[in-house]
Amino acid sequence: MAEHTEHIEHSEHIGSSGFYWLIWAILIVATVLTAWISTVDLGVFNTVVALLIATCKALIVVLFFMHVKYTSEKMTKAVLLSAVFWLLLLLILSLSDYSTRYAG
Amino acid sequence: MLEHEDRPELRHHFADVVQQRNAASLGMWWFLGTEIMFFGGMFCGYLVYRRAYFPEFAAGSRSLSLVAGTVNTAVLICSSLTVALAVRASQLGKRKLLVNLLLATMFFGVCFLGIKGYEWHDEYEHHHAPTFYFNAQDLVHNNPNLHMDPQRTKIFFSLYFALTGVHALHMIVGIGIFSVITFMAWRGKFTPEYHTPIEIAGLYWHFVDIVWIYLFPLLYLIDRRPGA
Amino acid sequence: MFDNLPLWPTSASVHARYEDWLFIFLTVISVAMTVLIFAAVAIFSMKYRRRHGREAAHIEGSLLLEIAWSVAPLGIMMIMFAAGALLYFRMRTPPTDSDQVYVVAKQWMWKLQHMEGPREINQLHVPVGRDIELIMTSQDVIHSFFVPAFRVKQDVIPGRYTTLWFRATRPGTYHLFCAQYCGTMHSGMIGEVIVMDPRDYQAWMVSGAPSGTLAQTGMTLFQQLGCNTCHRSDVQGRGPMLNGVFGHPVQLEDGRVVNADENYVRESILSPAAKVVSGFKPIMPSWQGQVNEEQLNQLVAYIKSLSPAPEGAAITSGAPGGTQSQEAQQPK
Amino acid sequence: MERKNYLNAEYGIRSWLLTTDHKRIALLYLLSITFFFFVGGFFALLIRLELLTPAGDLMTADMYNKAFTMHGQIMVFFFLIPSIPAVLGNFLIPMMIGAKDLAFPRINLLSWYIYIIAGGLYIYCLATGGVDTGWTFYTPYSSLFSNTHVVEAGLAIFIVGFSSILTGLNFVVTVHRMRAPGMTWSRLPLFVWSHYATSIIMLLGTPIIAITLLLVVLERTLNLGIFDPSRGGDPVLFQHLFWFYSHPAVYIMILPSMAVISEIVPCFSRKRVFGYTFVAASSIAIAAIGFLVWAHHMFVAGISLYSALVFSFLSFMVAIPSAVKVFNWTATMYKGSISFSTPMLYAFGFIGLFTIGGLTGLFLATLGVDVHVHDTYFVIAHFHYVMVGGAVMGYLGGIHFWWPKISGRMYPEGWGRLAALIVFLGFNLTFFPQFIVGYLGMPRRYWQYPPEFQVYNVLSTAGASILAIGYLLPMVYLLWSLRYGKLAPDNPWQATGLEWKTTSPPPTFNFDETPVVTWEAYEYETMPLPDEVTLER
């Protein structure tokens, strides 16, 4: 019934449990690292580093725990990217007001 | 491709299980897209006010417990691991392992809520909860170097409670979903061929984890530099 | 005959003339477009109405047409955008030597204070031909100051100042409306703007017999509240000296630099600990809830009067914060 | 013996309340939104009656404020947003793409129950005294000052948002996953394209208003302080978040209506739609650019000068795809074979009124002009031209067009044309004077007003009473037709969509056999002319 070009036959990816444990270890290390590094004075880079680490962690979860790396489904990535893009639109366009309210 | 009669889980309006599974997974991904925007509204408020009231946000952030925040992040990461392993167990058809991993996930979820509840209680005791009794005068004494208006830290705590509260609500919903799924797994409803509900619920759980991965630095780690 | 059937609003300010022309331009374009579409629909539906023996033509579309009717409107719209933006830019940029009037909006009343002293409620007297700048705030919800004859409107927001300016061109009495819904008597929050010849205006000003200018009232209040015990006119005070502060950059204790405009002065009275001047301690108590909006305006006017240079300092900042701190400089 | 169809497949209240059939759920929605339409219409009538005279004499100021608030909230959140998507979209999308149902039938039913719970809560709010914040809930009035039932109203709208999200989710997944063999994206009816675009807005916009209203509710109940100016909060932030959803929400209302028009115009012109690709792409463009223009509602709200320039520019951009649609529909009629059936009359009405509504939108996007007309009746007239002249005309046109499919009966054509005419005339008489009185400076939400505005308000009220008749008529004759209408053939209009290839009314799973699509959309040259005798009764 359904159109076959769109239906990629789903050969499921089964990760090894050792790999999942490795991912877990990386995430835990990153968590401790981000907590520790926040107490080191990096100037404005404290926030940058914290968000960078958070983004890496989020990407790792999305790619490996949520299997986005292995899916042949293009829509998953499209949905994810469009939602993040829309969020950025909200943030950037709102800030276009707040960051220029004070300018002469 | 299997016929309708062979697959009791196949709903009448789908042609085959692949179509059904793809539909469910796409539906969940779109729902997560919606969820990003749901938190996004609060993130927008956060960004605007953090820019305007950085010292107030820093002071509020420092009053939160770094240890509790870090431990809770770790707890959630552990729960994500058990979910990922649970999906794997269902793919391999290991029923007992699956049930145990699902139980472990819920255990971690409850742990997280316990720690979070303890923190909230603590903040409530210190009058930092953004209610009618809000008072943050103590933050002035604790942060002599920050030039801030303690009144305005209420915005930080409002956002903190709103963000963590909505996140906790998602956790509670997640635990509810997982208890149903655990029951189904225990009854042996899932097979290596059919475990879509576990995958779908897993996606949701990982998403809730990711939200916290961002909330942790945004709320707890605003400015913890010594001497600043 | 047309008393009860007005077709065009009175236009009584310099903005009004520009706005009317722009409006006419837009109307002409819109009517032309509407006629075009209506005529096309009417002609097609008459000419090609269903008849026996005539079949519909087979047409898929035309790339050329699609491009044409995307690009042509875009061109016209860019003219609209540019013209509208120019007018808006004028409306949002008050001249530096304008007369200032402080406005406090509350449910459901307009309170106005002239710099020279007179106070009014729901009435604003202004001379013809002078640039008038309104410095407005609200003590409860959002209101909006709207004078149709001047084609000006600006929301009045609690917690900060917004401004609006106009130059009246024709004496008369004009409607003043609150345009932002503000509760029960929203429609009763109306008043009038009375535009007078400069001579009549002077006469009105004198007859009002004010007890002193706004700045003088502010000075009295400044002393009553005891502000002068710390903010002394010499350098020995526990608070910073206020002479010559307004309209100039201020170095803060945490390294930021802010411009001392109305919103900064306001914030420094209500949230003094937020922006402490370099070299001072955060010892000043907050006056939130202790002074009302009108008193706040008097204090602002007084502090302004301590900076003699005719800066006029257009208000540029707004909530939250009202800081124009350099973005890169985070607190250490 | 009547053929089995979705209406007579099962009987009893249970078979309706527990149904997962998208067509039955569509009818449940039809009933509930019609109810809310008349509740909202009742408040509109109260408003118009009060404004008949300059003095506030019919009701108290508080009552008037509640009337326009609840008129707005009911019409926007409980009628317009679900109107075409949840009724016609729900009914037609699976059939148009050759599917047996939406992807998630139970979630579809759930979304109706969520709507009903929210609707019930809103009716409770109304019955216990109502709410007076204006449909926009602006802070700090809504969060700190109003003494009315803001919490209930806010929660009701928060809840109804999820109904809208689930509908959108269902549509998107259905369009992606459930298309019949051969139904490629380039063969999708434009109705489906527009609903796809609508669904994306529902999915990505609705959560923002949900969380924003939740924050207002929490501000009232727990004294959170996010928008509280006395604590350094910025009430304008609320407006940013509110309009981030509520401007695109306008496109949630108008895109489905454009969807209907894109079906009606080719059918009654017996021609392919002109520039299919551009009409389809413009739907997506409207959905995308529609998210970038929200602060044009805030040009005088105290936002920065520069940000106002950006938003004004982007607002002009969104006008382009809307204009492209109007041009393409008009061009579709060129050298067609046009009949003046009721749906086509509504389509004419839509094109005309939407043109006026869209063009007056340019006035509001033009910064210097918006300063004057913002928050006046000019704005009221503009958005009623778009939402009532546009969206409701499209809705009524669609209901007539698919009525034979939905009910299996023909509506009385003569009455249909008469009603379409009355609606068009009544509408213009109601709202055109508001452009003038708006430019004269009459602010919106005024309970009493200066006497020089009276003439226009009297015209407007007169028009409203005509409009009311125009809206009551279809309800009467459509109900009448359920029993006495001529039995409808499967394809009374000889239209091309897949929904016409099944019986009227369709069987429970839409098609006896899954269709295989081998033709392009709108191949009207291959269809015979409809039997005039059927049409003319």
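Starting at the N terminus, the elements of chain A run α-α-α. That makes three helices and zero strands in chain A, where helices are DSSP runs of H or I with at least four residues, strands are runs of E with at least two, and both are numbered from the N terminus. A quick word on what we're looking at: this is a predicted model, where local features need pLDDT of at least 70, side-chain atom pairs count only at pLDDT 80 or more, and totals for chains, interfaces and linings use all residues. Residues are numbered from 1 along each chain as its sequence is written, while chains are lettered from A and ligands numbered from 1 in the order in which they are written.

Staying with chain A, 31% of its 104 residues count as buried, meaning that 20 or more other C-beta atoms, placed from the backbone, lie within 10 Å of the residue's own.

Now, who does chain A touch? Its contact with chain D takes 15 residues from chain A and 17 from chain D, counting residues whose C-beta atoms, placed from the backbone, lie within 7 Å. On the chain A side there are nine nonpolar, three polar and three charged residues. Here Ala, Val, Leu, Ile, Met, Phe, Trp, Tyr, Cys and Pro are nonpolar, Asp, Glu, Lys and Arg are charged, and the others, Gly among them, are polar.

Let's move to chain C. Five strands form an open sheet there, in the order β3-β2-β1-β5-β8, with mixed pairing; strands pair if DSSP finds at least two bridges between them. β3 (119-121) and β8 (162-167) of chain C each have a single partner strand, so one side of each lacks a neighbour in the sheet.

Finally, β1 (residues 99-106) and β2 (residues 109-114) of chain C pair in the antiparallel sense over six bridges, and C:Ala105 stands opposite C:Trp110 in β2(C).

Technical notes
Two residues are in contact if their C-beta atoms, placed from the backbone, lie within 7 Å. A residue is buried if 20 or more other C-beta atoms lie within 10 Å of its own, exposed if 12 or fewer, and partly exposed in between; C-beta atoms are placed from the backbone.
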